[in-house]
Amino acid sequence: MAFKPRIPRNCCFTARTAGRPLNLLHTAARKVVNLSTKTKKLNPKFDFAVDVDVVKALEDGSLKARKHPGSFSLSPVCLPEPLMQAVESALKDYPWSSLSKDAQILKRHLWSRHACLEADEFKLKQLHVGERIQKKDRIDPLSPDLPEEERKRQLDSLQSKVHQRMKKEVYNWKAIEYDPYKCVMYLFGRLAPDFAALVKIMSEMKKRDPDYKPFTILDFGSGVGSSMWAVDQVWPRVCREAVCVDTSADMNNLADKLLRGGDAEKPRLVREGGTFFKQFLPLSNLLKYDMVISSRSLFELPSMNTRLKTLDVLWRKTSGYLVLVEAGTNAGYRLVQEARDYVLELSRRAQEEGEANPEGYVFAPCPHDKFCPKFFDGTNIPCNFEVSHKPLSLGNYHKAQKDIFTYVVLKRGKKEECVQNHWPRLLDDPLKPKRHVVCRTCTPFGTLRELTATKKKHSPECKKLLRLSKWGDLLPVQVSEICDSNGVDHQDDNELQDDNELSEPEQSVKN
């Protein structure tokens with residue numbers, strides 16, 4: 001008896017199919033079955049949609065995709081003209097070539113900085129190193145069978161080897177003592193990138209919170225006054241009082257000199273409430289400031305206990321925003337996350353104890369208050385961002401340079417139910433193959449997710465918006481929460497192949 005294939009009901013015979021071979025009918029049946037099974041849940045990397053208001057604005061032409069509400073990209077940041085003139089006047093007595101070389105050495109040293117190792121961590125590291133050396137040399141100085149002289153010799157040899165190995169494996173932290181020339185080196189090497197990073201951060205704050213105005217600021221670790229100049233750049237003629245705290249008297253003198261146009265004999269730029277330079281952080285909680293800033297200062301504190309005590313004081317002095325910025329290295333990222341988690345814990349405890357205005361939350365860059373998912377993604381790449389700036393040229397032309405930084409902005413009060421607080425943050429520049437766009441984001445649910453816009457599943461406006469977004473932008477899209485062990489989506493090349501019919505070279509793009 002011949003086998004008769006089972007034909008689905010919705011696969012009907014017509015004049016076209018009546019004369020076809022049986023294997024073609026099998027193919028048609030399989031296609032119908034495949035269509036019926038494609039009702040599965042949409043892959044999370046495709047499951048997002050552009051905000052409705054943004055879509056309407058894109059369609060009616062009142063908004064361009066490059067300037068969407070979550071875009072915070074800036075052209076290369078230049079120092080303001082009064083500051084440039086003050087710098088040129090302050091550096092006129094120093095030889096250009098030697099100062100440039102020394103400033104580069106200091107920049108590299110600051111970039112390679114690590115936090116000081118805690119005492120208990122140092123002892124534990126020392127113990128592990130000693131065990132490794134004993135295992136390698138096959139010695140046991142504490143053996144009861146050893147003569148006393150041999151035991152003493154082995155202990156001395158082991159102590160010497162451990163000391164030498166610790167010098168290689170443990171970062172030798174030392175506080176940087178800024179004398180007048182080293183302050184000038186810092187001015188030449190770090191003023192422009194520090195200023196640019198702060199301008200980028202504060203420009204986002206101004207765009208997302210247009211009603212906020214920093215009338216008073218406290219700058220901890222103020223250095224040459226980069227934060228003060230950045231505030232005046234973003235909010236012109238708004239700041240009435242500035243308090244700059246730096247342990248180096250020479251650094252305070254140089255910052256004051258810049259306010260006087262580079263000449264200590266000239267009058268200082270006047271603020272309504274005054275500009276004050278201090279060498280020690282005031283511990284009183286009576287005075288609060290609209291904005292408290294700590295830029296590139298946490299590495300200079302000698303221990304975790306000192307850092308946390310300092311953060312406690314800074315947060316209690318904050319009535320608006322607390323801005324923390326560090327170098328975009330793994331070490332800088334860990335310090336910023338330590339500070340972020342500690343301040344959120346302070347806020348939680350204050351709420352439990354019923355303090356006045358205890359609430360606080362992460363304003364930027366994280367769209368959530370949960371633990372940072374970058375610790376679990378396995379890439380060992382910190383959450384950092386990029387800013388382009390014009391370096392100090394002193395009459396010579398130089399191309400724009402880029403600086404990498406990591407930061408967190410914490411805000412007092414309850415988190416507002418604003419649509420922008422639910423947009424994911426772009427953690428890198430989008431990947432732009434020919435037929436789709438891939439964006440690596442941090443979502444409001446505390447997870448990392450790759451969002452992929454394709455021609456088949458998304459509108460042209462959505463694909464264009466993602467393609468024109470930049471590293472550090474908020475994507476104006478709504479994403480759904482997914483239940484996943486680590487919250488990290490991985491690209492499915494086979495699904496992209498089905499959606500976009502990619503060519504062979506495009507299939508090699510890894511996400």
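The model is a predicted one, and its protein chain has an average pLDDT of 83, with 85% of the residues scoring at least 70. Its largest nonpolar core has 67 residues, and the structure as a whole holds 25 salt bridges.

**Confidence**

- Over residues 1-40 the pLDDT stays under 50, and for this stretch the model has eleven contacts beyond four places in sequence.
- Residues 490-511 also have a pLDDT below 50, and this stretch has 44 contacts in the model beyond near neighbours in sequence.
- Where pLDDT is low, the predicted coordinates should not be read in detail.

**Nonpolar cores**

- Within the largest nonpolar core, the residues with the most contacts inside it are Met202, Met205, Trp235, Met291 and Val409, and the element that gives the most to this core is helix 7 (residues 180-208), with 15 residues.
- Methionine 205 touches Tyr212, Trp235, Met291, Tyr321, Val323, Phe363 and Val409, when residues up to four places away in sequence are not counted.

**Phenylalanines at the surface**

- Phe371, Phe375 and Phe376 make a nonpolar surface patch of about 320 Å².
- Phenylalanine 376 has its place in the loop between strand 7 (360-364) and strand 8 (385-389), and it counts as exposed because its relative accessibility is 54%, where the cut-off for exposed is over 50%.

**Salt bridges**

- Arginine 190 and aspartate 194 meet through their side chains in a salt bridge, with an N to O distance of 2.7 Å; both residues lie in helix 7, four residues apart, which is about one turn of the helix, and both are buried.
- Arginine 348 forms a salt bridge with glutamate 345, in which the closest N and O atoms are 2.4 Å apart. Because these two residues are three residues apart in helix 11 (residues 330-353), about one helical turn separates arginine 348 from glutamate 345.
- Arginine 348 is partly exposed, with a relative accessible area of 39%, and glutamate 345 is partly exposed as well, with a relative accessible area of 25%.

- Glutamate 326 lies in strand 6 (residues 318-327) and is buried, with a relative accessible area of 1%, where buried means under 20%.
- Leaving aside residues up to four places away in sequence, glutamate 326 touches Arg296, Ser297, Leu298, Phe299, Gly332, Val336, Phe405 and Thr406.
- Glutamate 326 and phenylalanine 405 are 79 residues apart along the chain, while their C-alpha atoms are separated by 5.9 Å.

Notes:
Residues numbered from 1 in each chain as written. Predicted model: local features only at pLDDT ≥ 70, side-chain atom pairs only at ≥ 80, totals over all residues. Heavy atoms only, no water. Core = buried A, V, L, I, M, F, W, Y, C linked by side-chain atoms within 4.5 Å. Buried < 20%, exposed > 50% of the residue type's maximum accessible area, 1.4 Å probe, protein only. Contact = heavy atoms within 4.5 Å. pLDDT = per-residue confidence, 0-100. Patch = residues over 30% accessible without salt bridge, like charges linked within 9 Å, V, L, I, M, F, W, Y side chains within 5 Å. Areas by Shrake-Rupley, 256 points an atom, 1.4 Å probe, with all protein chains shown as cover. Salt bridge = Lys/Arg side-chain N within 4 Å of Asp/Glu carboxyl O.
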